[in-house]
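Here is a short report for a reader new to this structure. Take a look at the sequence and the structure before reading on.

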Amino acid sequence: MVEYYIDSANMDEIGEIVGAGLVQGCTTNGSIVKKENRKYTDIARDIIKNFPQLYHLSVEPIFDENDLDKAKKDILTFYEIDPTRIVIKLPPTLAGLNVCRWCKNNKIKTNITAIVKPVQAELATLAGATYISVFWGRIGDTGLNPSLILSSITNAKFNPYIIVGSIRGGNDVTGAKFSDPHIITIPHKVFKNFTNNPKSLEVIQEFNRAIIEKEKQ
Ligand code: E4P
């Protein structure tokens, strides 16, 4: 069965979804973190401390290909927060794959992110990635069929765990599940849409009203 992660850096959002036992991991990126107005490392520390139920926290430090020493230093700062649960997101570029191999040699878990074509998944595998993230919505933006790209990656049975990211709605989750990935990372608002069906709410309200009316009699 597919596992779900939450794609968020917001403590309330994560708390609500973790509290219900729906997810085992959390993914973040610069855009998600920007909304929180706090230092990225502080957010990562809080997620690790507040949610021991999560075995995975993906973080994406700034990656400047012209300053790999700085990139490695930042990676180590995040890694040291919790070496067993922190996973470092890296780009699928040649520099990213070189740093991926360096991480592997130093026992640092990696997530090669923003994958939009199968060959990137293959090269990430060769570089020793722990996870790869296939970006469903972003593939769709290019006019290609995310389902075909994802299934050619899942069918190849590469070593890394396959995460599907860039999920924008419930149909994306349903579509992604057909390709049998290991993990789908989902924003809070999509979890909310799944659980707040108007028909279900209508029925529950009908039953609540019936009890209230009965108690008035
Ligand atoms: C996943 O790891 C990413 O954080 C995320 O899903 C990217 O989604 P976007 O395409 O909506 O930015």
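## Overall build

The protein chain has eleven helices and eight strands. The model is a predicted one. Along the principal axes, the C-alpha atoms of the protein chain fill a box of roughly 75 × 40 × 25 Å. The protein chain holds 217 residues, and buried residues make up 45% of them. Contacts also span the sequence. Among those in the protein chain between residues at least 6 apart in sequence, 57% join residues at least 24 apart.

## The barrel

The eight strands form a closed barrel. Its order is E1-E2-E3-E4-E5-E6-E7-E8, and the pairing is parallel. From one strand to the next, the twist averages 25 degrees.

Two pairings show the detail. Strand E4 covers residues 86-90 and strand E5 covers residues 109-115. They pair in the parallel sense over four bridges. Here Lys89 stands opposite Asn111 in E5. On to the next pair: E5 and E6 also run in the parallel sense, joined over three bridges. Ile112 has Ile132 in E6 as its bridge partner.

Strand E6 spans residues 131-135. Five of its five residues are buried, so E6 is largely enclosed by the rest of the structure. Tyr131, Ser133 and Phe135 point one way from E6. Ile132 and Val134 point the other way. Residues on both sides of E6 are buried.

## Helices H1 and H10

Helix H1 runs over residues 11-19, and helix H10 over residues 188-195. The two pack at an angle of about 45 degrees, with their axes 10 Å apart. That angle makes H1 oblique to H10. Their crossing is left-handed.

Which residues of H1 and H10 meet? From H1 come Glu13, Glu16 and Ile17. From H10 come His188, Phe191 and Lys192. By class, the contact has two nonpolar, one polar and three charged residues.

H10 also packs on the sheet. There H10 touches strand E1 (3-7) and strand E8 (183-186). The direction of H10 makes about 125 degrees with that of E1.

Ile43 lies in helix H3, which covers residues 40-50. Is Ile43 buried or exposed? Its relative accessible area is 0%, so Ile43 is buried. Leaving aside residues up to four places away in sequence, Ile43 touches Ala9, Met11, Val33, Glu36 and Arg38. Asp141 is 98 residues from Ile43 along the chain, and their C-alpha atoms are separated by 30 Å.

Most residues other than glycine have a negative phi. Lys107 has a positive value, near 60 degrees, and is not a glycine. Asp180 is not a glycine either, and its phi is positive at about 60 degrees.

Exposed means over 50% relative accessible area.

Technical notes: Residues numbered from 1 in each chain as written. Predicted model: local features only at pLDDT ≥ 70, side-chain atom pairs only at ≥ 80, totals over all residues. Heavy atoms only, no water. Axes fitted to C-alpha atoms, helices over the stretch in contact; angles between N-to-C directions. Parallel < 35°, antiparallel > 145°, perpendicular 65-115°, else oblique. Left-handed = near helix turned anticlockwise from the far one by under 90°. Contact = heavy atoms within 4.5 Å. Nonpolar A, V, L, I, M, F, W, Y, C, P; charged D, E, K, R; others polar. Pairing = 2+ DSSP bridges. Buried < 20%, exposed > 50% of the residue type's maximum accessible area, 1.4 Å probe, protein only.
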